[in-house]
Amino acid sequence: MNSLYQLNSDAVARQCAQSRADAAYWEALKNNKLRYLEEANSQLTQTVDHQASRIAELEAALAKQNK
């Protein structure tokens, strides 16, 4: 009976350790993906801002030319 209890305890301990390791893996994966997406979003925002600025410049030049 003691041997069976110890074997079951070891299995539960292994399962808990594996669950913690799995959770840590998925958390790290999620954090890396989030960091990547935040960087990509920042770069795209800069591109959009630059293009909006360029459009405003071209519109001003066009308005000046039409006068």
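Modeller: This is a predicted model. Ala56 lies in helix α1.

Colleague: Why is Ala56 called partly exposed?

Modeller: Its relative accessibility is 40%. Buried would mean under 20% and exposed over 50%, so Ala56 at 40% counts as partly exposed.

Colleague: How far is the C-alpha atom of Ala56 from that of Ala24?

Modeller: The two C-alpha atoms are separated by 48 Å, and the residues are 32 apart along the chain.

Colleague: What makes Arg54 and Glu57 a salt bridge?

Modeller: The closest N and O atoms of Arg54 and Glu57 are 3.3 Å apart. The cut-off is 4 Å between a side-chain nitrogen of Lys or Arg and a carboxyl oxygen of Asp or Glu, so this pair qualifies as a salt bridge.

Colleague: Where do Arg54 and Glu57 lie?

Modeller: Both are in helix α1, 3 residues apart, which is about one turn of the helix. Arg54 has a relative accessible area of 44% and is therefore partly exposed. Glu57 is partly exposed as well, with a value of 44%.

Colleague: How many salt bridges does the structure hold?

Modeller: There are 2. Glu27 forms one with Lys30, where the closest N and O atoms are 3.4 Å apart. That distance is within the 4 Å limit. Glu27 and Lys30 also sit in helix α1, 3 residues apart, about one turn of the helix.

Colleague: Why is the pair of Tyr25 and Trp26 called edge-to-face?

Modeller: A pair of aromatic rings is described by the distance of the centres and the angle of the planes. Centres must lie within 6.5 Å, and planes over 60 degrees apart count as edge-to-face. With 5.0 Å and 80 degrees, Tyr25 and Trp26 meet both conditions, so the pair is edge-to-face.

Colleague: Which residues make the nonpolar surface patch?

Modeller: Tyr25, Trp26 and Leu29 make a patch of about 360 Å². Leu29 has its place in helix α1, which covers residues 2–66.

Colleague: How do you know that Tyr25, Trp26 and Leu29 have enough accessible area for a patch?

Modeller: A patch residue needs over 30% relative accessible area. Leu29 has 39% and is partly exposed. Tyr25 is partly exposed at 49%. Trp26 has 54%, and because exposed means over 50%, Trp26 counts as exposed.

Colleague: What share of the chain counts as buried?

Modeller: Of the 67 residues, 0% count as buried. The chain exposes about 6400 Å², with carbon and sulfur atoms supplying 57% of that area.

Definitions and conventions:
Residues are numbered from 1 along each chain as its sequence is written. This is a predicted model: local features need pLDDT of at least 70, side-chain atom pairs count only at pLDDT 80 or more; totals for chains, interfaces and linings use all residues. Side-chain values use heavy atoms; hydrogens and water are left out. Patches are made of residues with over 30% relative accessible area and no salt bridge: like charges are joined within 9 Å, nonpolar side chains (Val, Leu, Ile, Met, Phe, Trp, Tyr) within 5 Å. Accessible areas come from the Shrake-Rupley method with a 1.4 Å probe; for residues, only the protein chains shown count as cover. Helices (H or I, at least four residues) and strands (E, at least two) are DSSP runs, numbered from the N terminus. Buried means under 20% relative accessible area, exposed over 50%, partly exposed in between (1.4 Å probe, protein chains only). Rings of Phe, Tyr and Trp (its six-membered ring) pair if their centres lie within 6.5 Å; planes under 30 degrees apart count as stacked, over 60 as edge-to-face and the rest as tilted.
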